[in-house]
Amino acid sequence: MKHSAFKRSSEGTRLWGIWIGALGCFVLAAATGVLFRYGMLAGLPAGLSLGNLRHAHSHLMYFGWVTPALMAMIVLHLVRGRIPSSVVWIPWITLLLGLAAYVPFLLYGYRPVEWAGRRLPLATMAAGLNIFAWYAYGVVYFRWTRRFDHPARPWWDLAVSFLLLSSLGAWGRAGLTIFRIEDPFWESATVHFFLYLFADGWLILALIGLAGVRDPEIFRALPRWSWWALALGTPWAFLSLMPPTEVPWALRLLAGVGGGAAALALGMMGLRFFRTAPLEWRVPLIFLGMCALAKLGFSVPPLASWALEVGLRIPYLHLLLLGFVTLGLMAGARQVWGARAAPWLSAMFPAVGLMMLSLVPLTGLWPSAWSGRWVLVAAMVGALFPFLIALGMFGRILWVEGFQRGLAFGSSNPGMEVRDGG
């Protein structure tokens with residue numbers, strides 16, 4: 001599928017603004033990550049806390065960056081002809097709600113806020129509104145795309161299903177709070193269920209669809225077991241990332257089988273896609289292969305316990321969310337809107353690599369004798385690289401858009417018309 005087909009399409013133009021807004025959310029989330037690392041080094045100003053910064057950063061990445069952009073790209077690939085207005089508005093609403101949740105998470109976290117004599121969990125309420133937007137997207141997606149045949153559609157169907165299913169974890173955690181149920185297993189399980197199905201279900205499978213959409217035959221050549229391995233294995237694998245003392249042995253065994261099967265399927269697909277992928281997709285697919293290896297390790301209970309003990313969960317999340325998802329999302333945007341959607345993408349590749357390296361000294365893999373204040377400095381500097389490249393991307397897009405709009409305005413303004421003297 002050629003880029004020009006989308007660039008000439010008015011449907012692609014209608015959703016172009018969503019990409020610009022989502023990229024702006026990524027810039028803000030990356031800046032929050034830099035501030036978080038600065039806070040670890042020198043403390044935070046204005047009463048901010050590291051915990052609230054972490055929540056604001058992760059929720060904006062999930063709600064404002066990846067989700068609206070994926071919603072728009074999937075629909076652009078699937079729907080032929082004019083896109084329904086609801087499919088245009090829902091990603092916009094999702095993006096705005098993601099931004100709306102950022103401020104309460106940044107200032108209050110999950111702490112209730114006194115307002116008009118009541119204690120209101122503003123961040124939780126904002127997150128709940130985001131989930132309702134996902135439900136609306138799910139309804140519209142399954143209603144409008146069922147009439148279109150596309151090789152990537154089974155993977156996108158599964159991805160959207162996992163997006164909706166992940167919300168059960170959020171509602172479950174809220175239910176425990178409402179009914180004042182204090183159970184360490186269920187409190188941890190509901191949170192991990194939500195986060196894992198959102199990231200490893202919705203995000204990975206949606207990006208898998210985008211990675212293969214340029215070559216539809218690649219999906220037809222995939223063995224059927226790979227889809228079933230991800231469909232049946234992913235919902236249980238979240239248990240492998242929970243603290244070992246909280247999970248009964250039988251459930252950990254089930255998580256290992258499910259997670260191992262899903263990891264093998266992802267590794268196989270990543271290798272097949274890599275063989276024919278252009279450079280802009282090869283780097284994200286390398287990160288996907290690394291994630292598959294990590295998932296395979298987490299599926300073995302002793303290895304999972306060791307990995308959690310030495311603090312490898314955070315590097316794994318960055319491998320997935322920054323290495324595969326973010327870089328893959330930028331590559332996918334180029335498929336839809338052309339190179340203008342992600343200028344300087346080649347510079348983002350080493351920036352992400354440097355950030356990943358800066359996380360290693362923060363783990364138990366790094367000898368304590370080699371640690372010191374420089375470790376926190378390196379982490380902050382490492383976070384600066386993706387932020388600055390993304391800021392440059394965003395600024396260039398805004399500059400080019402403003403310049404083009406100025407030219408269009410000038411050419412259509414009669415007062416600007418140049419006439420030959422006679």
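Leu96 is exposed, with a relative accessible area of 51%, where exposed means over 50%, buried under 20% and partly exposed in between, for a 1.4 Å probe and protein chains only. This is a predicted model, in which local features need pLDDT of at least 70 and side-chain atom pairs count only at pLDDT 80 or more, while totals for chains, interfaces and linings use all residues. Residues are numbered from 1 along each chain as its sequence is written, and side-chain values use heavy atoms, with hydrogens and water left out.

- Leu96 lies in helix α5, and helices (H or I, at least four residues) and strands (E, at least two) are here DSSP runs numbered from the N terminus.
- Helix α5 covers residues 85-108, 24 residues in number, and reaches 35 Å from its first C-alpha to its last, close to the 34 Å expected at 1.5 Å a residue, where the expected span is 1.5 Å times one less than the number of residues.
- Between Leu96 and Phe63 there are 9.1 Å in space, C-alpha to C-alpha, although the two are 33 residues apart in sequence.
- Just after α5 comes Gly109, which takes a positive phi of about 65° and belongs to the loop between α5 and β1 (113-115).
- Gly109 counts as buried because its relative accessibility is 0%.
- When its neighbours within four places in sequence are left aside, Gly109 is in contact with Asn52, Pro104 and Ala123, contact meaning heavy atoms within 4.5 Å.
- Gly109 and Arg54 are 9.0 Å apart, C-alpha to C-alpha, with a separation of 55 residues in sequence.

- Ile204 has its place in helix α8 (residues 184-212), and at 1% relative accessibility Ile204 counts as buried.
- Apart from neighbours within four places in sequence, the contacts of Ile204 are Ala199, Leu266, Leu320 and Phe324.
- For Ile204 and Phe324, a separation of 120 residues in sequence goes with 8.2 Å in space, C-alpha to C-alpha.
- Trp344 is not a glycine, yet Trp344 has a positive phi of about 65°; the residue is found in the loop between α14 and α15.
- With a relative accessible area of 43%, Trp344 is partly exposed.

**Cysteines**

- The structure holds zero disulfides, a disulfide being counted as a pair of cysteine sulfur atoms within 2.5 Å.
- Cys25 counts as buried at 1% relative accessibility, and Cys291 is buried with a relative accessible area of 1%.

**The second largest pocket**

- The second largest pocket has a volume of about 360 Å³; on a 1 Å grid over the protein atoms alone, a pocket is an open set of points with protein on both sides within 12 Å along at least five of seven lines, whereas a cavity is a set of points where a 1.4 Å probe fits but cannot get out, and lining residues have an atom within 4 Å of a point.
- Of the 18 residues that line the second largest pocket, Ala294, Leu312, Pro315, Tyr316 and Leu319 are the closest to its centre.
- Two or more lining residues of the second largest pocket come from each of α12 (279-298), α13 (301-309), α14 (313-337) and α15 (345-359), and α12 gives the most, with six residues.
- By class, this lining has 16 nonpolar, two polar and no charged residues, where Ala, Val, Leu, Ile, Met, Phe, Trp, Tyr, Cys and Pro count as nonpolar, Asp, Glu, Lys and Arg as charged, and the others, Gly among them, as polar.

**Cavities**

- There are two cavities of 30 Å³ or more, with grid points joined across faces, edges and corners, and with a volume taken as the space filled by probe spheres set on the points.
- The largest cavity has a volume of about 50 Å³, and its lining consists of Tyr196, Ala237, Ser240, Leu241, Gly259, Lys295, Phe298 and Tyr316.
- The lining of the largest cavity divides into five nonpolar residues, two polar and one charged.
- The second largest cavity holds about 30 Å³ of space and is lined by Trp16, Arg340, Ile397, Val400 and Glu401.
- Helix α16 (residues 373-412) gives the most to the lining of the second largest cavity, with three residues, and by class this lining has three nonpolar, no polar and two charged residues.
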